[in-house]
Amino acid sequence: MPRSLWTTPETVVLERRIVDRDEDTLVLGIETSCDETSASVVKGGREILSNVIVSQVDLHGEYGGIVPEIASRAHVEALTPAIGEALRDADLTFWDVDAIAATLGPGLIGSLLVGVAEGKSIAAVLQVPFVGVNHLEGHLYSNLLADQTAEFPAVALIISGGHTMLVHAKGHGDYEVMGGTIDDAAGEAFDKVARFLGLDYPGGPEIDRLSLLGDPTAIHFPRAMLGEGSFDVSYSGLKTSVINYVRKAESRGEQVSVENVAASFQQAVVDVQVTKTIAATKAAGVHRVFLCGGVAANSGLRQGLAEACQRDGFSLHVPPLELCTDNAAMIAACATQMLRRGRTSSLNASPDPNLPLV
Ligand code: KG4
Ligand code: ZN
């Protein structure tokens, strides 16, 4: 008979197994902050035993953006099976796990609640620590998971549909937010411009694809640098500028090249992000750059940042895509470090949609 995930060991029930060696610690991570349901088991903070990611992108596609109510319902349906699959992939049962971690915020409150409630419940039954993790801190750990040579200190560009932020990660739990978007996240700008151009959701990959067919110098869109020494970015002006350009051209009866608009828009985003990231790295006095978040998939950004880092002698780390986008492995890895510092959460911990990194 197959072993149930809840089958208790014969001798030990609530008396926890003692982890002799730190590198054997097994953490079950849960991530439900936005539109990906994910569960993962990570060993010793750096070895991924499983990483199950269930994307909701098809559910939200017809609305052109994430619908929070649909997202929470989908998490409720997907999370328990995802946890089961993560344990089976790792060839473990619940009783092997030393701690449970879940994303506490930032994110959509209804989505966060699903993961936190389930994570706390499992921790209570197993009598193991519960670790509430900051989603942005989790993203930093995707780089450490992907590359065993990657270490803090580093400057990380976290860039996705939900966040755009430059963080000086000085050490575990020691972060300084150097700058961020003052309006739209970069991925959000990609999605909004794509929607205006009549492209499918999510628009980032579509713009990236069309950019390869267009001329990035065809149209000069503004690069909002927001003053000398600022590491902040702004995308609402750029977005409006794209819309105005297309409307004006159409009103003059001109044929608009979607490829050129896409390529010129993408180049404007890349120029701003590369300039700011390099300036932040120099200001922080470090030599390592981490790139993470869904927009890290962008071919122009990867290439632009790689060239700039090479020019300045910085090493650039970009995790594979399944670790760039939202995933539970990064949450489990981050939680393992928090456990080492005794940073567990109480079972009263509540999700916080606006949880700050520091
Ligand atoms: O990290 P992610 O999966 O979810 C969060 O937003 O947290 O990122 C999704 C975002 C979307 O806005 C999507 O359009 C963007 O990342 N994206 C891209 C590319 N692939 C995904 N943006 C630009 N170029 C891409 N190749
Ligand atoms: Zn994220």
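Q: OK, what does D191 do with ligand 1 here, in terms of distance?
A: This is a predicted model, and in it a polar side-chain atom of D191 lies 2.6 Å from an oxygen atom of ligand 1.

Q: What about backbone atoms, say from G204 or G294?
A: A polar backbone atom of G204 is 3.1 Å from an oxygen atom of ligand 1. For G294, a polar backbone atom is 3.0 Å from an oxygen atom of the ligand.

Q: How much of ligand 1 does the protein cover?
A: On its own, ligand 1 has 540 Å² of accessible area, and the protein covers 89% of that.

Q: And where does ligand 1 sit?
A: In the largest pocket. Two elements, α5 (186-196) and α6 (203-211), are the ones that give two or more residues to the shell around the ligand.

Q: Which residues come nearest to ligand 1?
A: There are 17 residues around ligand 1, and the ones that come nearest are G161, D191, D208, G294 and N298.

Q: What kinds of residues make up that shell?
A: Five are nonpolar, eight are polar and four are charged.

Q: Which domains do they come from?
A: Domain 1 (22-141 + 325-340) and domain 2 (151-321) each give at least three residues to the shell around ligand 1.

Q: Switching to the backbone: which peptide bond at P106 is cis?
A: The one from G105 to P106, with omega near -5 degrees. P106 is in the loop between β4 (99-105) and α3 (109-126).

Q: And what's the story with F152 and P153?
A: A cis peptide bond joins F152 and P153 too, with omega about 5 degrees. P153 is in the loop between α4 (135-146) and β6 (154-159).

Q: Why point those out?
A: Because most peptide bonds are trans.

Q: Last one: what is phi of D91, positive or negative?
A: Positive, near 60 degrees, and D91 is a residue other than glycine. Most residues other than glycine have a negative phi. D91 is in the loop between α2 (68-89) and β4.

How values were computed:
Residues are numbered from 1 along each chain as its sequence is written. Chains are lettered from A and ligands numbered from 1 in the order in which they are written. This is a predicted model: local features need pLDDT of at least 70, side-chain atom pairs count only at pLDDT 80 or more; totals for chains, interfaces and linings use all residues. Side-chain values use heavy atoms; hydrogens and water are left out. A residue is near a molecule or strand if one of its heavy atoms lies within 4 Å of it. A polar contact is a pair of N or O atoms within 3.5 Å; within protein, one must be able to donate a hydrogen and the other to accept it, and residues adjacent in sequence count only if both atoms are side-chain atoms. Accessible areas come from the Shrake-Rupley method with a 1.4 Å probe; for residues, only the protein chains shown count as cover. On a 1 Å grid over the protein atoms alone, a cavity is a set of points where a 1.4 Å probe fits but cannot get out, and a pocket is an open set with protein on both sides within 12 Å along at least five of seven lines; lining residues have an atom within 4 Å of a point. A molecule sits in a cavity or pocket if more than half of its atoms lie within 2 Å of its grid points. Helices (H or I, at least four residues) and strands (E, at least two) are DSSP runs, numbered from the N terminus. Ala, Val, Leu, Ile, Met, Phe, Trp, Tyr, Cys and Pro count as nonpolar, Asp, Glu, Lys and Arg as charged, and the others, Gly among them, as polar. Domain bounds come from an automatic or database domain assignment.
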